[in-house]
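Colleague: I would like to go through this model with you, one local feature at a time. Please show it first.

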Amino acid sequence: SKYTDLLKSKMSEASFNKLAALENQKVMDFVGQFADHCNPATIYVCDDSKEDEQYIREQAVAKGEEFVLARDNQTIHWDGPSDQARDKVNTRYLVYKENLERMKSLNSVEYNEGLEEIMSIAKNNMAGKDVVVKFFCEGPAFSKFTMPCVQFTDSWYVAHSETILYRPAYEHFKAMKDEEKDEFFRFIHSAGELDERGCCVNIDKRRIYMDTQNNIVYSMNAQYAGNTVGLKKHSMRLAINKGGQEGWLCEHMFVMACVNEEKGRKTYFTGAYPSACGKTSTAMIPGEQIVGDDIAYFRNMDGEFRAVNVEQGIFGIIKDVNEKDDPVIFENLNKNQEVIYSNVLRAEDNLPYWLGSGLDTPKKGDNFSGKDWYEGKKDAKGNEIKCAHGNARYTMRLDYLDNFDKAGYEDTNGVLVEGVLYGGRDSDTTVPVEESASWEEGILLKACTLESETTSATLGAEGVRTPSPMANMDFLSYPLGEYTLNNINFVKDLKEVPKVFSTNYFLRTKDGDFCTSKLAKKVWVHWAEGRVQGEYDAIATPTGKIPVYEDLKDLFKKYLDEDYTREEYTYQFTFRCSKWIEKLERSKVYFKKMDEFCPEIVFAKWDNFIKKISDAKAKYGDEILPGKF
């Protein structure tokens with residue numbers, strides 16, 4: 001490589017030998033190019049060894065990016081006050097000029113213009129710093145699902161986070177055949193200049209630029225993991241685009257097993273839920289098993305719908321994680337095992353505290369705002385600073401969980417998916433659970449119409465619906481209409497097509513209370529499992545099929561020991577015609593706004609459903625009771 005002398009000057013002999021042993025020119029040139037351009041002092045190359053993983057942990061602490069807590073396997077990290085969430089404004093796609101029109105509804109910049117800007121920011125941005133090169137893979141290594149990735153970063157916190165969250169892949173890279181050696185994702189990240197707390201200084205030059213055409217992401221002057229952990233949402237965007245071209249799918253979904261102990265079986269579901277709509281709590285239902293909580297790859301494997309979790313850990317929102325609502329996570333956060341907390345409070349007892357923890361929270365300590373936080377402290381705008389940020393996080397391995405499905409997680413062929421769940425948040429339209437009549441209708445009526453409803457005045461007007469098709473809009477890397485058709489067409493050559501269900505845990509009574517407890521989701525999922533296995537009858541509605549009362553009555557008694565009344569059932573499973581027509585009209589407006597080239601067939605099918613619902617309204621009334629359609 002033309003970079004050999006440069007790399008040898010910045011690496012130990014052991015590190016250079018690890019890189020050379022891959023015999024991969026593209027990897028060598030990637031590392032060499034940014035060693036030259038970003039100008040780090042040293043470069044450490046990791047293999048898959050436990051020794052290298054431990055070295056990364058130690059360096060994250062030694063360099064002041066993380067601090068050891070009272071439970072000495074746990075650490076805490078702070079991002080600066082202005083680096084607490086994904087930067088949607090400065091996250092852009094680098095797009096070739098001929099594709100700009102097609103991509104104009106997404107946040108894009110002309111390729112050469114954007115590349116020149118990001119490379120000028122990256123120039124010498126690592127000067128004087130020690131960087132790490134680490135190899136990972138999305139999905140199981142040595143599998144048809146595997147997506148190899150290489151990360152080049154000057155943040156040891158980022159490297160540590162990825163070591164928890166993703167499978168190691170140095171040996172996978174080493175075993176790649178010559179024809180495979182160009183196929184991997186590349187991530188270049190620099191936190192840039194840091195302050196005394198290890199937080200980014202040049203936030204005004206924060207940029208996250210995605211090149212889906214060449215499968216590389218540039219992240220500069222950022223530390224919050226959503227902007228920097230390359231294999232998370234950055235990789236997801238690359239994979240969505242790559243899957244769209246190659247006929248597989250990358251989805252913002254959990255993978256879980258619904259366990260029927262009485263029948264001795266497991267049925268695998270995937271599920272997409274917008275933020276605050278029940279995604280994690282569904283994946284973590286007590287008594288069921290989890291394969292993954294956030295991102296899944298889908299492939300047609302010999303005519304079967306198979307899925308893998310691309311991650312090996314959880315990067316979760318910690319707000320409101322407490323003993324009552326999230327007992328499995330809460331228990332593990334209080335064990336002395338490897339966890340990174342970010343942007344929570346560190347009190348004088350050197351323990352972490354967060355919003356909604358249920359713990360007796362101290363009145364002062366260190367948090368994201370500085371070392372001198374105290375209850376009642378205000379920011380420059382006069383707003384009170386809470387003990388922890390609302391988007392504070394925890395990073396933890398999945399295999400800590402007692403309900404972790406190790407066999408499903410490790411299966412290189414993925415798990416067989418038999419049901420897909422789509423769940424939004426609305427108080428007055430969709431029923432708690434409904435099966436779609438077909439896969440196509442499931443995508444168009446359940447997935448594409450997903451919405452999340454604002455819940456309090458602090459979020460603006462209460463009850464406003466925010467569209468969130470497939471719960472994936474923030475990460476979509478090609479036009480929405482094409483993506484929708486790719487989802488519909490994915491099942492064309494499958495021997496068995498999964499059933500599609502919608503759920504809504506947030507339907508309210510006429511008095512404004514939630515219709516059921518949080519635990520009721522176990523009933524809805526087990527009804528869906530029974531439908532997949534052909535064990536329950538169902539009642540038709542204009543948009544699908546709903547449960548028979550007697551089956552739900554038995555399920556509520558069996559799983560929750562609750563008496564579920566016919567009155568509750570009738571109210572919850574009434575079909576609300578006008579509300580559904582309004583929902584579909586909102587979806588049409590949103591799709592036209594987000595993709596002016598969206599195929600007309602999508603709107604034509606929605607118009608057909610609007611007519612069907614309008615006809616039903618004329619015949620049966622605006623609110624159709626269960627069994628009356």
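The questions below concern a predicted model.

Colleague: Is E53 buried or exposed, and what is its relative accessible area?

Modeller: E53 belongs to helix α4, which spans residues 50–62. Buried here means a relative accessible area under 20%. E53 falls under that cut-off and is therefore buried, with a relative accessible area of 8%.

Colleague: Which residues does E53 touch, not counting residues up to four places away in sequence?

Modeller: A contact requires heavy atoms within 4.5 Å. With residues up to four places away in sequence left out, the residues that E53 touches are D48 and T163.

Colleague: How wide is the arc that the buried residues of α2 cover around the axis?

Modeller: Helix α2 covers residues 13–21, and its buried residues are S15, F16, K18 and L19. These residues sit on the same side of α2, because the arc they cover around the axis is only 155°.

Colleague: What covers the buried residues of α2?

Modeller: The cover includes helices and strands from several parts of the chain. Among them are α1 (4–10), α3 (25–38) and α4.

Colleague: Which residue with a positive phi follows α2?

Modeller: The phi in question is near 50°. The residue that follows α2 with this positive value is E23.

Colleague: Which strands stand at the edges of the open sheet of 5 strands?

Modeller: The sheet has mixed pairing, and its order is β2-β3-β19-β24-β18. A strand at the edge has a single partner strand, so one side of that strand is left without a neighbour in the sheet. The two edge strands are β2 (67–68) and β18 (313–317).

Colleague: Which residue of β3 stands opposite V68?

Modeller: β2 and β3 (residues 74–77) run antiparallel and are joined by 2 bridges. The residue in β3 that stands opposite V68 is T75.

Colleague: What is the volume of the largest cavity?

Modeller: Rolling a probe the size of a water molecule over the atoms shows where empty space is left. The structure has 8 cavities of 30 Å³ or more. The volume of the largest cavity is about 120 Å³.

Colleague: How many charged residues are in the lining of the largest cavity?

Modeller: The lining consists of 17 residues, and those nearest the centre are G424, T430, L450, S502 and K583. At least two lining residues come from each of β25 (415–424), α13 (439–447), β29 (499–504) and α18 (577–594). By class, the lining has 7 polar and 5 nonpolar residues, and the number of charged residues is 5.

Technical notes. Residues are numbered from 1 along each chain as its sequence is written. This is a predicted model: local features need pLDDT of at least 70, side-chain atom pairs count only at pLDDT 80 or more; totals for chains, interfaces and linings use all residues. Side-chain values use heavy atoms; hydrogens and water are left out. Helices (H or I, at least four residues) and strands (E, at least two) are DSSP runs, numbered from the N terminus. Buried means under 20% relative accessible area, exposed over 50%, partly exposed in between (1.4 Å probe, protein chains only). The arc is that of the directions from the helix axis to the C-beta atoms. Two strands pair if DSSP finds at least two bridges between them. On a 1 Å grid over the protein atoms alone, a cavity is a set of points where a 1.4 Å probe fits but cannot get out, and a pocket is an open set with protein on both sides within 12 Å along at least five of seven lines; lining residues have an atom within 4 Å of a point. Grid points are joined across faces, edges and corners, and a volume is the space filled by probe spheres set on the points. Ala, Val, Leu, Ile, Met, Phe, Trp, Tyr, Cys and Pro count as nonpolar, Asp, Glu, Lys and Arg as charged, and the others, Gly among them, as polar.
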